Amino acid sequence: MGEFKVHRVRFFNYVPSGIRCVAYNNQSNRLAVSRTDGTVEIYNLSANYFQEKFFPGHESRATEALCWAKGQRLFSAGLNGEIIEYDLQALDIKYSMDAFGGPIWSMAASPSGSQLLVGCEDGSVKLFQINPDKIQFERNFDRQKSRILSLSWHPSGTHIAAGSIDYISVFDIKSGSAVHKMLVDRQYMGVSKRKCIIWGVAFLSDGTVISVDSAGKVQFWDSATGTLVKTHLVANADVQSIAVSDQEDSFVVGTAEGTVFHFQLVSVTSNSSEKQWVRTKPFQHHTHDVRTVAHSPTALISGGTDTHLVIRPLMEKVEVKNYDAALRKITFPHRRLISCSKKRQLLLFQFSHHLDLWRLGSTVATGKHGDTLPLSKDADHLLQLKTKVSKMPACLRSAVQIMFSEDSTKLFVASNQGSLHILRLLEGSFKHLHTFQAQSGTVESMCLLAVSPDGNWLAASGTSAGVHVYSVKRLKLHCTVPAYNFPVTALAIAPKTNNLVIAHSDQQIFEYSIPDKQYTEWSRAIQKQGFHHHWLQRDTPITHIGFHPKRPAHILLHDAYMFCIIDKSLPLPNDKTLLYNPLPPTNESDVIRRRTAHAFKISKKYKPLLFMDLLDEGTLVAVERPLDDIIAQLPPPIKKKKFGT
Amino acid sequence: MVQLRPRASRAPASASAMVDEGQPASEEAEHGLLLGQPSSGAAAEPLEEDGDGDDDLDDEAPEELTFASAQAEARAEERRVRETARRDKTLLKEKRKRREELFIEQKKRKLLPDTVLQKLTTASQTNIKKSPGKLKEDKSQKKNEECEKGNESKKVKEKIQSIGQNKSYLARRLKDQDLRDSRQQAAKAFIQNSLYGPGTNRTTVNKFLSLNNKRLPVKKAAAQFLNNGWGTQKKQNAKRFKRRWMVRKMKTSKK
């Protein structure tokens, strides 16, 4: 493998924004997540929880509610008073409609999926009809005194429960008037000056309304009589979210202390038919407020201010007890936010609204393996570019991915309509060279581009048709790698051999030879043998693939918790050997060392890794982002009293 | 000893007197009595001499200083005065001119070189023409998803769009915008207050991260133990004082 000097970079100040809403879609097993800065991300839970699509956000579009409607349509509503529909194929916003009720606090789609209910700041509940192309305002319900913070439909679609401040109203859809108004205690068994905010309501089909409020209570109400049935005091702080499963036998609530509680409907005694709701499991996977929860058929999903998305499969619901039933915590982005210029030793960091350019520091000291060398010249912050609107041709307005050619004379742009543009860059202007039209197939995930170092080939992924390879010299489609049912997470073309290396979200790696238009021998061998089971059980996707300029047999990959150099000349590991075997001690005999050496050289020294690449033959750059640095910049959490402090 | 005063001015005075004597009357008639002395030049001298030649008078005849000579002298004096005045003026002018040039040069040095200025002015002129369109374009791009708003405002906007020259305008009633902004502010304030306001039981990030350190078997310090923001002014003053003291110390030790 060789010896490398490693630049450990920790000055990338990446702070993700907190998760505000989560919405689970049962038919496609997808999860829509919206964050406090307005970004909406779509995760494919069946493709190893990979983040497929991503809508960049803006503070003015910060969402307060997110919901799926019939036909895979995604709607969100926020404090700017508008309902936004997202176009999942074009990866853009279809339209936004003003609800004229002031800031929107909550939104719920009807069980049939054809109507949308919106709760506004001025106390009005508005009903919208979802038409095939747009939504249309139908009517207003009776106006209430204070803002409507939570909404829930009855499964039959006849009644609505709306949670407000200090009370819950039950509306009848046909008449539009409030049938019941249930007053909520400000504090359990006491009096408090702070108003009780009903953060979430859920309507069950037997007429029970479950409410969670800021006093830490979970209360069960009977909507027919408008009375309180049961109270559970669950936390000392707010309980901020609730989600009920489809079968209505379990629900999950999230609190401001970071705890998620699971309630289940269990029978009172083992052979009686009477059932009651019991708080069964507490989960403490978050450190800050859990502002949203969702309940899929097999898992509990929670997200909050601490920016982690936690998916906890429920053991009793999971059929096959394998590694799929483990806890998944998604913290780091699933795409590459950093680019590196190898010759000039510069790093470009991509933030949500600006770009930062840094020069790496240098050192003249030398040392042995494991030493930390002092810097003779510190890293320099060179430039900060903020977004600016300038003259752009229409084809570039909605670019999804941009890549420069190796000699920086050409620019490849993937637009959100699926077409690829090639532009030649001249002094201060550009000339449009060619456009590759969108090929057949639906857009499945964000488009990734890869350019070969000699400038002849361009590879583009993202559609369901597979990875397309275009010849830049002859300006036409060269070949298509056969489609695979998991999305592509990283793409790269090797320097001399022009082999296209593709990494998928289920941790499979393929190597395809572009000149020969077929998979390489090594790729076939490893597919036949299969990857090591520890390799396949990794949580985070591979986001970057790099190559060694002098050794064509080496491939450098990394994900968030390890980096690996694959040596294609060494034998492949089978399931019995140890995948992660650091350097064996030198007093072991050569035979043993030869026997245990295999192609995957893994190092877990630098984690959590956001980016790793080979600068030149003897230097690596690793950009790390310690979790503590992120936590230090989050909003304050709830105070927890611990014994002995 | 009798000290003889030098009568250097006698010869030219007499020459000019000879010239001027031809027309003494006419000059007198024109200028009047320039010197306020009696008309005869001979009588003029003794008056001059009287003041300082008291010692050796009475042996010598008073000097012959004709009126014309005195007049000529006076004119010469005048001319000299005028000349000096003119010279002074020109000197002043030159000084002022030089100062002006110096100021202009200094100003030039402060500004950017000419080429860049030219570029900027031409660019700004073209920009001014384009900027209204650009601004609206910017707004419309940022909110490009809002292609249709409510019923009334939509019609109004469409009308305006068809009338305006640049098609990239997005008209908005300012009154509505204020109301909307104030409501949005109120909503944000409400949620901030209810989650992080008074009465909520929140703690700082430092305390939160240090809680673990307190419960470890080997107790560690807090995550952020030092408060670097304490006494910044005092620290700055101390640094400045130290620097000055060092300089003074160097000076005295050199001596």
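User: What kinds of residues make up the lining of the largest cavity: nonpolar, polar or charged?
Analyst: The lining of the largest cavity has 10 nonpolar residues, 12 polar and no charged. Here Ala, Val, Leu, Ile, Met, Phe, Trp, Tyr, Cys and Pro count as nonpolar, Asp, Glu, Lys and Arg as charged, and the others, Gly among them, as polar. Please keep in mind that this is a predicted model: local features need pLDDT of at least 70, side-chain atom pairs count only at pLDDT 80 or more, and totals for chains, interfaces and linings use all residues. Residues are numbered from 1 along each chain as its sequence is written, chains are lettered from A and ligands numbered from 1 in the order in which they are written, and side-chain values use heavy atoms, with hydrogens and water left out.

User: Thanks! And how much space lies in that largest cavity?
Analyst: About 220 Å³. A cavity here is a set of points, on a 1 Å grid over the protein atoms alone, where a 1.4 Å probe fits but cannot get out, and lining residues have an atom within 4 Å of a point. Grid points are joined across faces, edges and corners, and the volume is the space filled by probe spheres set on the points.

User: Which residues are closest to its centre?
Analyst: A:S415, A:G418, A:C447, A:S461 and A:T463, out of 22 lining residues. Both β35 (410-415) and β40 (467-471) of chain A supply at least two residues of that lining. Strands are DSSP runs of E with at least two residues, helices are runs of H or I with at least four, and both are numbered from the N terminus.

User: Switching to the interface: how many residues are in contact between the chains?
Analyst: 35 residues of chain B touch 48 residues of chain A, where contact means heavy atoms within 4.5 Å. Together the two chains bury about 3,600 Å², 58% of it on carbon and sulfur atoms. That is the accessible area (1.4 Å probe) lost on putting the two parts together, summed over both.

User: Which residues form the salt bridge there?
Analyst: A:D289 and B:R202, with their closest N and O atoms 2.8 Å apart.

User: Which helices of chain B supply at least two residues of the side that touches chain A?
Analyst: α5 (114-142), α7 (174-196) and α8 (205-215) of chain B. α7(B) gives the most, with 12 residues.

User: Last one, where is the cis peptide bond?
Analyst: A cis peptide bond joins A:K607 and A:P608, with omega about -5 degrees. A:P608 is in the loop between β49 (600-603) and β50 (609-616) of chain A.

Notes. 1 Å grid on protein atoms, 1.4 Å probe; cavity = no way out; pocket = protein on both sides within 12 Å on 5 of 7 lines; lining within 4 Å. Salt bridge = Lys/Arg side-chain N within 4 Å of Asp/Glu carboxyl O.
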